[in-house]
Amino acid sequence: MTSGRPTQSRPTMADTLKSPELMLRQGGRDLIIAVYTALRSLKLYPVENTQVQRALDDLTAKAASLLAVEQEIEIRVSGDFVFVNSTRLRLGLDNYASFSHVLGVLRQCGIGVVRISEAIERRYTAPE
């Protein structure tokens, strides 16, 4: 027996994940965390260290996967906000340390915009 109410089609989780803005937001968050990991690794170890090389490989992979969706990546810092291709990244407790560290480094160096194009390439350094 039906209630006579029209059934509304709610978006599924798969439909929600296909949203370009959501994909960009998640990919941007992953990229910022990869930048943070690479910065911390470089601060602790020499560039030849295996940990640093893994962090740089991960950073390159995250950028390449985001570039597969977008033609260019623009990370812009405005106040306490980080934008990736005009999409504001949401700051959460789980990523607060990485975001604030990357924001601080960019501010300290006077960098407001970072652009990553499809022509990225990784220079390899032989591990120890």
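Reader: Which strands does α3 lie across, and at about what angle does α3 run to β1?
Author: This is a predicted model. In it, α3 lies across β1, β2 and β4. Relative to β1, the angle is about 110°.

Reader: Which strands does α4 lie across, and at about what angle does α4 run to β2?
Author: α4 also lies across β1, β2 and β4. Here the angle is given against β2. That angle is about 90°.

Reader: What is the strand order of the open sheet?
Author: The sheet has four strands, with antiparallel pairing. β3 (87-88) and β4 (113-117) each pair on one side only, as edge strands. The order is β3-β2-β1-β4.

Reader: Which element gives the most to the largest nonpolar core?
Author: This core has 17 residues. Those touching the most other members are Leu31, Ile32, Ile73, Ile75, Val82, Val84 and Ile116. At least two residues each come from α2 (20-44), α3 (50-67), β1 (72-78), β2 (81-84) and α4 (96-108). With four residues, the element that gives the most is α4.

Reader: Which residues is isoleucine 116 in contact with, leaving aside neighbours within four places in sequence?
Author: Ile116 is one of the core residues that touch the most other members. Leu31, Ile73 and Ile75 are also among them. Leaving aside neighbours within four places in sequence, the contacts of isoleucine 116 are Leu31, Ala63, Leu67, Glu72, Ile73 and Ile75.

Reader: What lies over the face of phenylalanine 83, and at what distance from the ring centre?
Author: The structure holds zero aromatic pairs. Over the face of phenylalanine 83 lies arginine 76. Its distance from the ring centre is 4.6 Å.

Reader: What is the phi of asparagine 85, and is the residue buried or exposed?
Author: Most residues other than glycine have a negative phi. Asparagine 85 sits in the loop between β2 and β3, and its phi is positive, near 50°. Its relative accessible area is 18%, and buried means under 20%. Asparagine 85 is therefore buried.

Reader: What is the phi of serine 86, and is the residue buried or exposed?
Author: Serine 86 is found in the loop between β2 and β3. Its phi is positive, about 70°, although serine 86 is not a glycine. Relative accessibility is 60%, and the cut-off is over 50%. Serine 86 therefore counts as exposed.

Technical notes:
Residues are numbered from 1 along each chain as its sequence is written. This is a predicted model: local features need pLDDT of at least 70, side-chain atom pairs count only at pLDDT 80 or more; totals for chains, interfaces and linings use all residues. Side-chain values use heavy atoms; hydrogens and water are left out. A nonpolar core is a set of buried Ala, Val, Leu, Ile, Met, Phe, Trp, Tyr and Cys residues joined through side-chain atoms within 4.5 Å. Buried means under 20% relative accessible area, exposed over 50%, partly exposed in between (1.4 Å probe, protein chains only). Contact means heavy atoms within 4.5 Å. Two strands pair if DSSP finds at least two bridges between them. Axes are lines fitted to C-alpha atoms, for helices over the stretch in contact, and angles run from 0 to 180 degrees between N-to-C directions. Rings of Phe, Tyr and Trp (its six-membered ring) pair if their centres lie within 6.5 Å; planes under 30 degrees apart count as stacked, over 60 as edge-to-face and the rest as tilted. A charge sits over a ring if NZ of Lys or CZ of Arg is within 6 Å of the ring centre and within 35 degrees of the ring normal.
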